[in-house]
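I opened a notebook on this model today. These entries record what I looked up, one topic at a time.

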Amino acid sequence: CHSSATTQRDMTLCSGIRASRNAAPSAARACPPSIRRDGSLPTAAPSPIHPTAMRAAAHASLPLRGRRAAVCARVSSQSAEPGLYQTMARVNGVASLVGSDSVMAASTAVEPKRFTTDVGERVGFVCTRDVQKDAVLLEVPESLAVTSIDAEKQETVGELVAAAGCSDLVALTLWLIAERAKGAESQYAALITTLPERTNTPLLWPDEELDRLLTGSATLPEAKARKATLRSQWQALHDAAFASNAARFPPERYNYDAFADAFSVVLACAQYLPSAQLFALLPVASTMSRTGNGNGSYVDYDEASGRVVVTAARPYREGQEVQLNDERPNGELLLATGAVPENNMSDYVDFKVELLEADKYFIMKQQILESMGFAAKQDFPVYADRMPNQLLAYVRLSRVQDPALFAKVSFEEDIVLSQMNEYESLQLLMGDCRERLSGYLLTLEEEIKMSQRKDLSVREKLACRLRLSEKRIVSKTMDAVRTRLAPVRGIPTKGGEMQDSNADIMDIFNAIESIPKAPAKLIGDFVSWAKGENDPDWKKPANQKKDLPPRPW
């Protein structure tokens with residue numbers, strides 16, 4: 001969305017993607033620990049993010065009625081739900097943007113369209129004609145892509161971006177704040193008007209709202225950690241430049257709220273281009289919706305043509321919506337984009353497992369795991385439509401106490417080590433699932449009823465959809481574990497063997513059946529005793545000598 005004045009700029013500025021790819025590796029290009037390449041904030045720099053399975057128990061002591069009231073409370077804070085006017089304005093803005101460049105318009109096979117969902121209005125894109133798989137849906141010239149190179153050359157924040165060595169996402173955030181401050185005078189105004197003011201990411205939610213809506217979800221501690229890191233990032237920039245130069249950086253424009261809002265937009269809309277190894281804000285492509293079902297489209301930079309190309313991963317019919325493939329789980333999508341897809345086949349829940357250092361075979365087990373590419377502490381993704389066989393293999397190994405079974409351990413095939421080991425492993429998984437479900441304020445049935453309510457706010461709907469998707473994954477995993485447990489006949493004993501679980505019942509039935517025969521057996525035993533049938537010396541001659549043992553000599 002460069003204006004005609006862009007042609008007067010240095011060619012390096014117009015070719016931000018090429019300049020970024022040819023630049024020498026540096027802290028700014030290497031994406032420092034303040035922001036990850038996948039667009040997420042780490043829990044604390046420089047440590048990377050590790051999604052955890054921790055559950056918040058802040059409201060665990062509340063009675064059930066109090067828990068329901070806490071979840072059902074209305075949200076009074078601002079939301080990013082657009083109205084009809086704002087949505088149509090964005091549709092018209094995108095349409096004018098697509099047609100503003102003759103080269104881009106000629107290669108475009110999509111057009112904007114307004115969609116209505118249960119969380120508000122949104123702008124999507126549909127095919128203008130039938131296209132085949134691997135066909136080009138959209139080509140964005142390199143000069144229209146905004147990258148960190150453009151941020152470094154921005155007249156207001158460029159020096160700060162270059163001096164601070166900001167990552168791509170932080171650099172684009174500062175660029176967006178500066179260009180928004182210009183208003184209609186910005187040469188990027190056409191692109192900026194197509195972007196939302198903010199998203200519904202939990203990074204913008206108050207802590208009390210996070211606790212109320214995400215209790216029990218692994219997204220809760222992750223959201224709080226990333227919020228803290230985002231504020232630390234802002235504080236560092238504020239202390240380095242904003243606080244000492246209020247004339248250049250007016251507080252009403254450069255404040256934490258503006259920084260957080262802009263960062264949420266960049267986090268949701270910036271596209272990562274694998275070939276160029278950077279993030280870029282792109283006309284049209286940045287506002288396309290996401291899908292985790294693998295039936296969308298791909299975005300990447302084509303060095304030969306000098307364009308960013310959107311390629312169809314499947315055939316499209318005219319009028320079908322074009323979406324971008326994004327295989328992140330719902331929790332990560334909510335944090336990054338402020339949206340939760342309804343049917344995300346890539347959604348999963350992380351299960352954290354680890355070996356016990358007190359185990360006498362800890363070293364051997366650790367070596368086995370390392371040889372197979374795993375660690376002593378490992379996260380495994382658990383999906384709703386499949387049994388987590390690698391997680392089960394890990395748990396099986398962790399419960400082995402017979403070294404002879406190590407040779408049978410396999411992470412590629414579903415091999416039962418022993419009946420007792422299988423029973424213990426499945427019971428551990430079942431207990432972990434029950435513990436996860438107990439951390440939520442509502443049951444699965446209550447969550448389904450909650451999702452059907454019409455008076456929920458946007459944030460409540462998103463949180464409810466996230467909790468429901470997580471509970472369904474855990475519940476289906478429990479069903480899979482129950483199916484595995486059904487053929488296991490027996491319970492473990494102290495001797496390390498499996499005893500028939502119905503052995504006690506069988507003994508009781510045998511005792512009951514023997515009661516009618518007890519009198520006859522008693523009389524028979526008495527008669528046998530009277531006859532001396534069980535006495536070995538009965539009816540033998542008194543003077544008969546017993547055989548003596550042979551002499552030892």
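**Entry: helix 16.** I began with the span of helix 16, residues 419–438. At 1.5 Å a residue, its 20 residues should span 28 Å, and the end C-alpha atoms are 29 Å apart, which agrees. The expected span is 1.5 Å times one less than the number of residues. Helices are DSSP runs of H or I with at least four residues, strands are runs of E with at least two, and both are numbered from the N terminus.

I then looked up burial in helix 16. The buried residues include M420, N421, E422, Y423 and E424. L429, M430, C433 and R436 are also among them. Buried means under 20% relative accessible area, exposed over 50%, and partly exposed in between, with a 1.4 Å probe and protein chains only.

**Entry: ground rules.** The model is predicted: local features need pLDDT of at least 70, side-chain atom pairs count only at pLDDT 80 or more, and totals for chains, interfaces and linings use all residues. Residues are numbered from 1 along each chain as its sequence is written, and side-chain values use heavy atoms, with hydrogens and water left out.

**Entry: R396.** I found R396 in helix 15, residues 389–398. Is R396 buried or exposed? R396 counts as buried because its relative accessible area is 2%. Its side chain makes a polar contact with the side chain of D414 at 2.8 Å. A polar contact is a pair of N or O atoms within 3.5 Å; within protein, one must be able to donate a hydrogen and the other to accept it, and residues adjacent in sequence count only if both atoms are side-chain atoms. Beyond its neighbours within four places in sequence, R396 is in contact (heavy atoms within 4.5 Å) with residues including N421, E422 and S425. I had already listed N421, E422 and S425 as positions of helix 16 that are buried.

**Entry: the cavity.** R396 came up again here. Which residues line the largest cavity? They are A393, R396, V409, S410, I415 and L417. A cavity is a set of points on a 1 Å grid over the protein atoms alone where a 1.4 Å probe fits but cannot get out, and lining residues have an atom within 4 Å of a point. The lining divides into four nonpolar, one polar and one charged. Ala, Val, Leu, Ile, Met, Phe, Trp, Tyr, Cys and Pro count as nonpolar, Asp, Glu, Lys and Arg as charged, and the others, Gly among them, as polar.

**Entry: L278.** L278 counts as buried because its relative accessibility is 2%.

How values were computed: 1 Å grid on protein atoms, 1.4 Å probe; cavity = no way out; pocket = protein on both sides within 12 Å on 5 of 7 lines; lining within 4 Å.
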